[in-house]
Amino acid sequence: MRLAVFFSFALSLYPADQNSAAVALLARKCHACHGPQVQLSGLRLDSREALLRGGKQGPALTPGKPAESRLFHAVSPGAKVAMPPTGPLDPAEVKLLGEWITAGAAWPADTVAAAKWWSFEKVKPVSPPALADPWARTPVDRFILQQLRAQGLSPAPEADRRTLLRRATFDLHGLPPTAAEIAAFEKDPSPRAYEQLIDRLLASPRYGEKWGKHWLDLVRYGDTSGFEQDPYLLYAWRYRDYVIDSFNAGKPYDRFLKEQLAGDEIYEEPTARQGTGFYTVGPNRDMLFKVEDINRVETLTDFVDTTASVFLGLTVGCARCHDHKYDPIPQKDYYRLQAIFAPIVKSRVFLTYNLARQYDLQENTRQWKLYDLADEFQRLKAPYVKRLRADKLAQLPPAAQTAFATEEDQRTPQQKADFEMYAKKVAPRDDEVFPLLTADEKVQLERLKTRLLSLYSTYAPGPFSPSVTDSGPIGPPVYLPGHPNAEVPPGFLTALGGGDIPPPPPGSATTLRRKALAEWIASPDHPLTARVAVNRVWQAHFGRGLVATASDFGARGARPTHPELLDWLANEFVAQGWDFKSLHRTLMLSSVYRQQTRPTPAALTKDPENQWLSHFTRRRLEAEEVRDAILLTAGTLNPKMHGKPVVPALAAEELYGMSQPLANAWVVTSDPTEHTRRSIYMISRRNFRMPLLEVFDRPEGVLSCSRRESSTTPTQSLSLLNSDFTRQQALALAAASLRGDETAIAEAIFGAALARRPDANELDLARQFLTKQTQLLGSVEKAAAELARGLFNTNEFLYVD
C-alpha cells in the first residue's frame, strides 16, 4: 500500500497535459515550503482548494485571472518578494502557470492515471523522424531538426575546420591541437578528413586519460582518505590506471560496470578484480575514527548512494532515513540495497595469476600470525607501559589526575575536557619503553622481529591493486533503523521490478549478491542503465545532457528535452555492444555537433539556454585541460602514462592553507620531469586540491560529481598571471621562442599558445609590448614570458568554440 502511495505521488509529477504540467511544476518548485509537510505563511500549494483558500495574505489563485493571482505575481519577474527563494522560474515555466490560470487552473482528477514516470519505463524502440533535409547527416540530426522546426528555430552553419579540430581534440583528448595539426587538417582534401580525424583521436591513448577523468569524477576518486588528517590510500592509483586502460581498450560498458560492482564474483582474471577498487577510492574513515559501527554504516551508505547515482542516475540516499519523498523508493528498498554490500571487506588483489594463487593460500594464515605476534609484543612491554603511565599521571595537575581516576561515564564535562587534553601526554611511547627492557627481554624482542620478517620472506612484492570481496557466503544481517527485529533481505528497487536475491549455492566463497546486482543493472532491458550512460556522454560533448540532471532521473530531476532521441541512443548503445567509442562517433559525426557557436537573435529570444541545440554551446576548459594545455603549449608536457601519483612542487603561499605540517603533508616527487605530466596523474588530495586546479573548479572527490561547475572568478586570472607554475611554463615557452626579432618572437608565441599567426593589429601591439617590457625588465626572454602569460588568459586559449 505504501509503495502505491509513492507511485501515486511520483507519477503525478509527470505532465500528460497542461494541467498536469502546472501541478508538477508546483510540486517541484514549491512544495518544500508550501506542501503537505511545511506551510510557510499558512500557505499550501498541493491542491486547488488550498490555492483558493490561500494563506495569511489571502487567496493565492483567482482562476481565469493571472493578473489577480498572488501566485502568478510571486513567480513573475520584478516581484517584490520573488519566489521560489531557490531561484526564479524559467520564462517558459512562468508562461505555463499563466496559461494554466487563464484556462481555469483545473486540477487533474487522477494524476496517477495520467502517465507513469518516464525513466522507470523500459526504453522504447524508436525510429528517427522521416525528414528529408541535406543538413541532417545522421539520425541524431533528424531528431534535433524536428524539435528545432517545432520551436521555430533553424540550425547554425557548420564551423570551420580549425574550430572543429580544436573542439574534437579537447573533447576526446583534453588537449589543444598543435599548429602543425591544424595546418594539416585544413589542407586535407579528403571528403572523409573529419571522420578520419575522429577515428585517429579515439585510437590515441590520450583518449583514455581524458575520458577516464570524467569517470573518476563520478566515482569520487582520490589518492587520500579525506577528513582532517587525509592519509594516503595506497595503490588507489592502480584503479585510476585501470579506468584509463579500460577506456582506451574500448571495454564494453556492461563489462566495465560488472567488473566494478562484482569483478571478484564474476570473472577469474585479477585485472577484472581491479574494477572493485570502485569501492575503495572514496572517502575512507577507517584510519581516522575508531567507532567501528559508525564507520561501517557510513561506508555502506557511501556504497549505496554512489552506486545508485553513478549507474542508475537516482538519488536513493533520500530514502536512508525515511521513504523517498519524490521517487517511489521506500526506506526498506534502501536497506535492501545496503544488504547487498554488507558482506564487503576490503582487500588487495595481485595482478598476475601465479601471485594471486600464492596470495589466496597465504594471506589468511599470515594475518592470524601477525595478530599473535602483536599480542606477544604487547605482553612483553605491558609492565613497563603501566609503570611509565603511572609516573606521567603523577606529574599531572590534581584535577587532571582525578579525571583519569574517575570512570568514563561518571566524569563531569570539565573532567572529560581534562582527560582529552592529557590522554596523549600520559601514553608511553615505544622509544621510552625499549630502554627499560632487560637483556633477556631485548633478546625476545629481536626474536619477535625475526619471526615477523619471516612471515614476509616469501611474500610477493606485487603489483597490488585495491579491491574488495565478501567476508564469506553468509552476509551480516541488515535491519531497518529503529526496528531491530525487522531484518531486510538483499534485493533490488521495487519500482524497477526488483526482487530478493537468493542465497548462494553450496560451496560459494561469497554471497554473490553483488554479482546479482551487477547483472541486474547491466541488463539490456534495464530502463535506466543505458539511458544514464548515453546522457553522460551527450552532456560531455554538448555541455548539457538531454536530461539536464545527469545523476537524477527521478521525479525531482529534469525531464528529457528529446525523449525519443534519448531512447534511440540508448538502444543504439546496447546494439553496438555498449561501445563508448561508437557512441562518440555517432554524436561527433552529426551536423548538430559541427555547428558554429554563434546563436541567432531568434535563438537568444526563444531558447536562451540552447536546450533545443540551434547552435553549439561554447565551454570553458576544465581545470586539468587548462594546466595540460599550458604544458603542451610550453613544450614541457611529459607524455608518460600510469604510475604512482605525482606530488608537484608548490610555492609556500600555495601550501599555506594546509592543516598539517608541510613537511609531512606535501612530500614533493624527487624527479622534476614527473611534475610536468598530465594532471590526471597529479596527486588527488581530498582536503587540499592543487590551487590552480581548485580555482578552475576541480571537484573535491568527496561525493560523486556528475557535472562540474564552470565559474568565472578573478582568482583564475591571477593564478594564470602570477602562479609559480604559469611563470615557469611561460619562461619555457619564451626560451623556445627566442628566434629572430620581436616579430618572429611574437609569431612563435602566438603559434604555440593560439595555434595561429597574429593579425596585423595583434602583431603591432605585441611588438610594442615586447619593446616596452624588455626595457622595463632588462630581458627580452622575461618580456616574451609576460606576453605568453597574457595569452594564457585570453578567452581564445581558455574556451572551446
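Tutor: Happy to! The largest share of the lining of the largest cavity, five residues, is given by α11, a helix that runs over residues 206–218. Helices here are DSSP runs (H or I, at least four residues), numbered from the N terminus. The model is predicted, so to speak of a local feature takes pLDDT of at least 70, and side-chain atom pairs count only at pLDDT 80 or more, while totals for chains, interfaces and linings use all residues. Residues are numbered from 1 along each chain as its sequence is written, and side-chain values use heavy atoms, with hydrogens and water left out.

Back to the cavity. A cavity is a set of points on a 1 Å grid over the protein atoms alone where a 1.4 Å probe fits but cannot get out, and lining residues have an atom within 4 Å of a point. The structure holds eight cavities of 30 Å³ or more, and the largest has about 120 Å³ of space, a volume being the space filled by probe spheres set on the points, which are joined across faces, edges and corners. Of its 13 lining residues, Glu209, Lys210, Lys213, Glu624 and Arg678 are the closest to the centre. By class, the lining has nine charged residues (Asp, Glu, Lys and Arg), three polar and one nonpolar; Ala, Val, Leu, Ile, Met, Phe, Trp, Tyr, Cys and Pro count as nonpolar, and the others, Gly among them, as polar.

Now the neighbours. The axes of α8 (residues 161–173) and α11 come within 6 Å and cross at roughly 70°, which makes α8 roughly perpendicular to α11 (65 to 115 degrees). Axes are lines fitted to C-alpha atoms over the stretch in contact, with angles from 0 to 180 degrees between N-to-C directions. Phe170, Asp171, Leu172 and His173 in α8 meet Arg206, Tyr207, Lys210 and Trp211 in α11, where contact means heavy atoms within 4.5 Å.

With α12 (residues 236–248), the axes come within 8 Å and cross at roughly 120°, so α11 and α12 are oblique to each other. Among the residues that meet there are Trp211 and Trp215 in α11 and Val243 and Phe247 in α12. This contact has eight nonpolar, three polar and two charged residues.

Technical notes. Helices (H or I, at least four residues) and strands (E, at least two) are DSSP runs, numbered from the N terminus. Angles under 35 degrees count as roughly parallel, over 145 as roughly antiparallel, 65 to 115 as roughly perpendicular and the rest as oblique. On a 1 Å grid over the protein atoms alone, a cavity is a set of points where a 1.4 Å probe fits but cannot get out, and a pocket is an open set with protein on both sides within 12 Å along at least five of seven lines; lining residues have an atom within 4 Å of a point.
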